[in-house]
Amino acid sequence: MPELPEVETVKNTLADRIAGLAITDVDVLLPKVIRVPVAEEFRRLAGGKTIRTLARRGKYLLFHLSGGLTMIVHLRMTGRLVYTAADEPPARYTHVIFHLDNGDQLRFADMRQFGRLALVENEAVAHFPGLKDLGVEPLAPEFTREFLQRELRRRRTRLKPLLLDQTFIAGLGNIYADEALHRARLHPQRPAHTLSARETAALHRAIREVLLEGIAERGTTFRDYVDGNGRRGGFQEKLQVYGREGRPCRRCGRTVERIRINGRSAYFCPFCQKQ
DNA sequence: AAGAAGTCCTGGGCGC
DNA sequence: TGCGCCCAGGACTTCT
């Protein structure tokens with residue numbers, strides 16, 4: 001699932017290739033993946049625009065276009081954005097094709113059809129549903145230990161759901177949340193307000209470390225993720241607990257367990273991460 | 001008002 | 001072998 005490190009990697013791999021290119025035409029093969037405006041308008045507006053720069057906010061990808069427009073993309077579970085030669089046979093589940101003025105293409109594919117694209121005026125980005133309520137960027141300087149301590153103290157919820165709350169910290173998903181908690185030796189069910197200063201510092205450090213290592217490994221390909229060049233990530237080789245139910249914890253060798261918290265699975269080591 | 005549940009999807013894993 | 005069931009999961013909506 002594309003989380004912060006995967007989206008960052010897609011952004012970086014695509015930026016090298018498409019920044020400065022113009023979109024000559026757009027094929028929308030599955031109109032419902034276009035959130036706004038309606039597919040026909042999306043196509044009309046995107047056509048002729050130049051892709052200036054790419055940015056990321058949480059798990060959202062932002063394409064800053066000429067004409068004061070921004071394309072917002074969320075890959076959700078299985079979405080892919082891949083730069084391809086025009087004669088490349090279309091991958092299964094390709095829903096949108098951007099024709100670029102160098103003859104190549106940018107293709108959006110998504111097996112589960114959860115991912116969404118939107119095209120809005122620059123001024124509307126800050127008001128866009130989902131984007132507008134995003135919390136702090138965990139790799140930005142604003143995400144300090146003091147900030148985390150202040151926030152944890154006033155929340156009664158458990159750590160795992162809190163880390164997945166995009167209005168709190170933007171960009172963590174199930175994989176990196178579980179890995180961060182394991183690295184900080186914190187149980188996913190721990191009530192947020194019960195952490196000591198020392199534990200808070202460990203969590204703060206762990207969140208940043210797992211994300212930075214994820215980016216350094218070019219993301220985690222648990223199943224479907226590929227970057228803007230269609231290449232798999234490498235961080236799946238370094239996962240300590242995620243997806244490892246019944247297998248040994250890579251730190252202590254005891255068996256990794258999986259529990260359900262708010263309908264989401266949480267992998268953890270009951271020895272390293274005591275309640 | 002926070003927290004929980006329902007919704008969207010389809011490949012893959014499982015039981016029989 | 002093959003059928004049917006159910007699960008995974010991010011973010012948004014709806015319910016409590």
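Modeller: What follows takes the features in turn, with the general idea before the case.

Modeller: This is a predicted model, in which local features need pLDDT of at least 70 and side-chain atom pairs count only at pLDDT 80 or more, while totals for chains, interfaces and linings use all residues. Residues are numbered from 1 along each chain as its sequence is written, chains are lettered from A and ligands numbered from 1 in the order in which they are written, and side-chain values use heavy atoms, with hydrogens and water left out.

Colleague: Which residues surround DNA strand B?

Modeller: A residue is near a strand if one of its heavy atoms lies within 4 Å of it. Here DNA strand B is surrounded by K32, R92, Y93, M111, R112, Q113, F114, T157, R158 and N262. Of the atoms of DNA strand B that come within 4 Å of the protein, 73% are accounted for by sugar and phosphate. By class, this surface divides into 3 nonpolar, 3 polar and 4 charged residues, where Ala, Val, Leu, Ile, Met, Phe, Trp, Tyr, Cys and Pro count as nonpolar, Asp, Glu, Lys and Arg as charged, and the others, Gly among them, as polar.

Colleague: Which side chains have a polar atom beside a phosphate oxygen of DNA strand B?

Modeller: A polar contact is a pair of N or O atoms within 3.5 Å; within protein, one must be able to donate a hydrogen and the other to accept it, and residues adjacent in sequence count only if both atoms are side-chain atoms. For DNA strand B, a polar side-chain atom of Y93 lies 2.7 Å from a phosphate oxygen, one of N262 lies 2.9 Å from a phosphate oxygen, and one of Q113 lies 3.0 Å from a phosphate oxygen.

Colleague: What is the phi of Q113, and where does Q113 lie?

Modeller: Most residues other than glycine have a negative phi, and most peptide bonds are trans. Q113, although not a glycine, has a positive phi of about 60°, and its place is in the loop between β8 (105–110) and β9 (116–121), helices (H or I, at least four residues) and strands (E, at least two) being DSSP runs numbered from the N terminus. R76 also has a positive phi, of about 50°, without being a glycine, and lies in the loop between β5 (69–74) and β6 (79–84). As for the peptide bond, a cis bond joins V36 and P37, with omega about -15°, and P37 is in the loop between β2 (34–36) and α2 (39–46).

Colleague: Which residues come nearest to DNA strand C?

Modeller: Of the 18 residues around DNA strand C, R112, Y242, R260, R264 and S265 come nearest. Sugar or phosphate supplies 68% of the atoms of DNA strand C within 4 Å of the protein, and the rest belong to bases. A phosphate oxygen of DNA strand C is 2.4 Å from an N or O atom in the side chain of S265, and a phosphate oxygen is 3.2 Å from such an atom in the side chain of K59, whereas P129 places a backbone N or O atom 3.4 Å from a phosphate oxygen. The elements giving two or more residues to this surface are β10 (257–261) and β11 (264–268).

Colleague: How many aromatic pairs are there, and how is the pair of F222 and Y242 arranged?

Modeller: A pair of aromatic rings is described by the distance of the centres and the angle of the planes. Rings of Phe, Tyr and Trp (its six-membered ring) pair if their centres lie within 6.5 Å; planes under 30 degrees apart count as stacked, over 60 as edge-to-face and the rest as tilted. A search of the whole structure finds 6 aromatic pairs. The rings of F222 and Y242 have centres 5.0 Å apart and planes at 75°, so this pair is edge-to-face. Both F222 and Y242 belong to the loop between α7 (197–216) and β10, 20 residues apart. Elsewhere, ring pairs link F143, F147 and F168 into a cluster.

Colleague: Is Y242 buried or exposed?

Modeller: Buried means under 20% relative accessible area, exposed over 50%, and partly exposed in between (1.4 Å probe, protein chains only). Y242 is buried, with a relative accessible area of 7%, whereas F222 counts as partly exposed at 39%.
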